[in-house]
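Try each task before you read its solution.

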Amino acid sequence: MPDISIPWYAAIIGLAIAIILILKKFNPVYALFFGAIVGCLLGGANLADTVNVLVAGTQSIMGTAIRVLAAGMLAGVMMESGAAEAIAHGIVTKLGESKAILSLALSTMIITAVGVFIPVAVLIVAPIALSVGKQTGVSKLALLTALSGGGKAGNIISPNPNTIAAANGFDLNLSNVMIAGFIPALFGLLTTVIIANLIKNKGTMVKDADIQEKEETQLMPLKKALIAPVLSIVLLLINPIGTLLKIDVIANLKIDALYILPFASIVGTILMGHGAKVKDYATAGIKRVTDTVLILIGAGAIAGLISVSDLSTQVVNLISAVGISGTFLAPISGILMGLAVGSTSTAVILATGSFGQAILATGTPALSAAVMVHTGAVVIDSVPQGNYFHITASSMNMSIKERLKVVPYEMCVGGMMTLVATVLYGFIL
């Protein structure tokens, strides 16, 4: 980083400007760059130093960016091949209508957990949910709570951009962050099922007009649909298993999502019998992650601004003066960034880049910090300024007013996962 020092208030102003512009629907990448530039200039940096700060900041996130691009390959395979839809149908069919809410929540959780982005997972399961809701008399409010809550639970244990950002933000292996999120995710699933069952008679019921007639298509067998995601997860778990079993040869293997996810995607595609479509799946996957990578670059610029400021020191001093545990900075930063930008991945990127050093400076271990920031980011990320809010509303044929009624229940699910993560990793482990 350039050898300059910027006052903490300039970094705060730059970050605030970026968030305000994002809330005003300004392009997030340019909003982040503009905020970083203003913060540098207000802090006394000259034009040359400002450029150096932004370049150094964007370079610092390249490791995360290329891993997100790698994750796009798996997402493309799962979505375009029909594997994700086959998994959803398989779960709902096996659990049956009597466990409709559990089956829908579990379907979205598993599809998200194996690498499909949460908005797409909801889009895939929504038609099934509407059909099941019409047959069982479950309201749209409960159905979307089940889908969104299950998706949030899956999102904190998935090889998705948000988990990659949490891992790289604290210099951790992706697999370790995925494993650490498992217990909070289970509590999230349980909370989702309980809440959705309690409200299944509240709100608008599914009408015939909500169900779109689809041509009957032959779904691939479930065992084929699971090849790519199971292979990727097994390979990602090699290092943690070696560490757990104290087998040095396995523990020291440099397993990384950068090559594991594309490798598993290609092998899975070939074994599914779709080898000729690898190129098409890769193209579709990279389109899905392009926006996230661009936002990562913008967030890197803000991270560059904050890294040359004394914001981290001031935050730690404030926490000490107030007398609250520094552990709470991790989940609070995730919650606030999620509320500000309405995106889990962007929230994690901003929280780790802006407050990562301050969180570690309070004595919080890196893995604990990653899990608490990550779970915090899913508490209030489904707000109207984010795309997820509108995509999920459209998938369930809900008005804005109806969709807003789901947000408090989503907050309960995210809040439970954050509470469990904070107690478990902030105070027990």
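**Exercise 1. Find which residues Val116 is in contact with, leaving aside its neighbours within four places in sequence.**

Solution. Keep in mind that this is a predicted model. Step one: look for residues with heavy atoms within 4.5 Å of Val116, the cut-off for a contact. The largest nonpolar core has 129 residues, and Val116 is one of the three that touch the most other members, along with Ile111 and Leu147. Helix α7 gives the most to this core, with 11 residues. Another core lies apart from it; this one has 5 residues, including Ala180, Ala421, Leu424 and Tyr425.

**Exercise 2. Work out how many of the residues of α6 are buried, and what covers them.**

Solution. Start with the helix itself: α6 runs over residues 100-113, which makes 14 residues. From first C-alpha to last it reaches 20 Å, close to the 20 Å expected at 1.5 Å a residue. Next, apply the cut-off for buried, under 20% relative accessible area. The residues that pass are Ala100, Ile101, Ser103, Leu104, Ala105, Ser107, Thr108, Met109, Ile111, Thr112 and Ala113. That is 11 of the 14, so α6 is largely enclosed by the rest of the structure. The cover includes α5, α7, α8, α11 and α13. Finally, step just past the end of α6, where Gly115 takes a positive phi of about 115°.

**Exercise 3. Decide whether Ser139 is buried or exposed.**

Solution. First locate Ser139: it sits in the loop between α7 (118-136) and α8 (140-155). Then check its relative accessibility, which is 0%, so Ser139 counts as buried. To see what is around it, leave aside neighbours within four places in sequence; Ser139 is then in contact with Ile199, Lys200, Asn201, Lys202, Gly203, Thr204 and Met205.

**Exercise 4. Describe the protein chain as a whole: how many helices and strands does it have, and how compact is it?**

Solution. Begin with the elements: there are 24 helices and 0 strands.

Methods
Residues are numbered from 1 along each chain as its sequence is written. This is a predicted model: local features need pLDDT of at least 70, side-chain atom pairs count only at pLDDT 80 or more; totals for chains, interfaces and linings use all residues. Side-chain values use heavy atoms; hydrogens and water are left out. Helices (H or I, at least four residues) and strands (E, at least two) are DSSP runs, numbered from the N terminus. Buried means under 20% relative accessible area, exposed over 50%, partly exposed in between (1.4 Å probe, protein chains only). The expected span of a helix is 1.5 Å times one less than its number of residues. A nonpolar core is a set of buried Ala, Val, Leu, Ile, Met, Phe, Trp, Tyr and Cys residues joined through side-chain atoms within 4.5 Å.
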